Amino acid sequence: MRKGLRKTAKEPRAWQRMLSGRRLDLLDPSPMDIEIEDIAHGLARVARWNGQTVGEHAFSVAQHSVVVEEICAHIQPDLEPRWRLAALLHDASEYVIGDMISPFKAALGYDYKLFEERLEIAIHTRFGLPAKVPLAIKKLIKQADRACAYFEATQLAGFGVAESIEFFDPPPAGYDLHIEPLSAGQAQIRYIQRYHVLSEAAGFSVTPQAFDTE
C-alpha cells in the first residue's frame, strides 16, 4: 500500500535531522517527530522575500508569523485561541521546506502543494489543531498574511504603496505596523513565547494572556 508520498518500498528514506534529535521523514511526516523548538529555530532563520530586504537582519518567517497572528486578532477580536494558534503556525511547514516565493510555488505545481499539505497536517495534529482549519479561518489567516506582506513590501522589499496594494491588498482599517526585523535569536524567543501562551489557552478557556498581542 502506498504510504505518504512514497511510490515504492525500495525508494531511499528521505529525512532531516533536527537539533532536538528528531528525524523527520519528509515524505511521510509523523506528528511525533515535530517539536515547537525545532520549528521556532528553523523559522527564525528562514528569510522572507528570499532575503531581499533592507536592514541588518532579514525579516524572518518566525517574526512574520507572530505579526500575522496579531493581525488576525485585530480583524476578529473574539477569535478563539486555537485559531490564533493556527495563525501562528500557518507557515510552520517552512521550517523544513523554506519560504519559497509564490511564483516558484506555482512553477512547482501540485506535487509541491501536496507535500506542503501533508506536512501541515502533521504539524496541526502534533499541536492539537484540526488537520484542516475551517474555510472561514483559512480566509482570515490569508487576509492577515497578505496584510503583513503589504507592510513588508513597502517597508522592507522596495515596493511602492500602489504596487503593494495591487499585489497584496490594503491592510485592514485601523491597523498600522512599523517593522523592525529582529535577530534570529530574538525572533525565535518571541515565537516560542507566543506559542506557549496560545497553546495553553487553545481549545480550553479564554484567558487574558491569550489576547495579549504585544
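1. E69 is buried in this predicted model. Its relative accessible area is 1%. R84 is also at 1% relative accessibility and counts as buried. The two side chains meet in a salt bridge, 2.7 Å from N to O. E69 sits in helix α2 and R84 in helix α3 (residues 81-88), so the pair ties together parts that are 15 residues apart in sequence.

2. R48 and E152 form a salt bridge, with the closest N and O atoms 2.8 Å apart. R48 belongs to the loop between α1 and α2, while E152 belongs to helix α7 (residues 135-155), so this pair joins parts that are 104 residues apart in sequence. R48 is buried, at 9% relative accessible area. E152 is buried too, at 0%.

3. F59 deserves a look alongside that pair. It lies in the loop between α1 (36-43) and α2. At 1% relative accessibility, F59 counts as buried because the cut-off is under 20%. Leaving aside neighbours within four places in sequence, F59 is in contact with residues including R48 and E152. Its other contacts include V46, A47, T53, H64, L156, I179 and P181. The C-alpha atoms of F59 and V46 are separated by 8.3 Å, and the two residues are 13 apart along the chain.

4. Q63 lies in helix α2 (residues 61-75). Q63 is buried, with 9% relative accessible area. A polar atom of the Q63 side chain lies 2.9 Å from the backbone nitrogen of L182. Not counting residues up to four places away in sequence, Q63 touches E180, P181, L182 and A187. P181 is also on the contact list of F59.

5. The N to O distance is 3.2 Å. D169 is in the loop between α8 (161-168) and α9 (184-201), and R146 is in helix α7, 23 residues apart. D169 is partly exposed at 37% relative accessible area. R146 is partly exposed at 25%.

6. How many salt bridges does a search of the whole structure find? The total is seven. R22, E35 and R126 are linked in a network of salt bridges.

7. On the cysteines: a search of the whole structure finds zero disulfides. C72 counts as buried, at 0% relative accessibility. C148 is buried as well, with a relative accessible area of 0%.

Definitions and conventions: Residues numbered from 1 in each chain as written. Predicted model: local features only at pLDDT ≥ 70, side-chain atom pairs only at ≥ 80, totals over all residues. Heavy atoms only, no water. Disulfide = S-S within 2.5 Å. Buried < 20%, exposed > 50% of the residue type's maximum accessible area, 1.4 Å probe, protein only. Helix = DSSP H or I, 4+ residues; strand = E, 2+ residues; numbered from the N terminus. Polar contact = N/O pair within 3.5 Å; in protein donor to acceptor, adjacent residues only side chain to side chain. Contact = heavy atoms within 4.5 Å. Salt bridge = Lys/Arg side-chain N within 4 Å of Asp/Glu carboxyl O.
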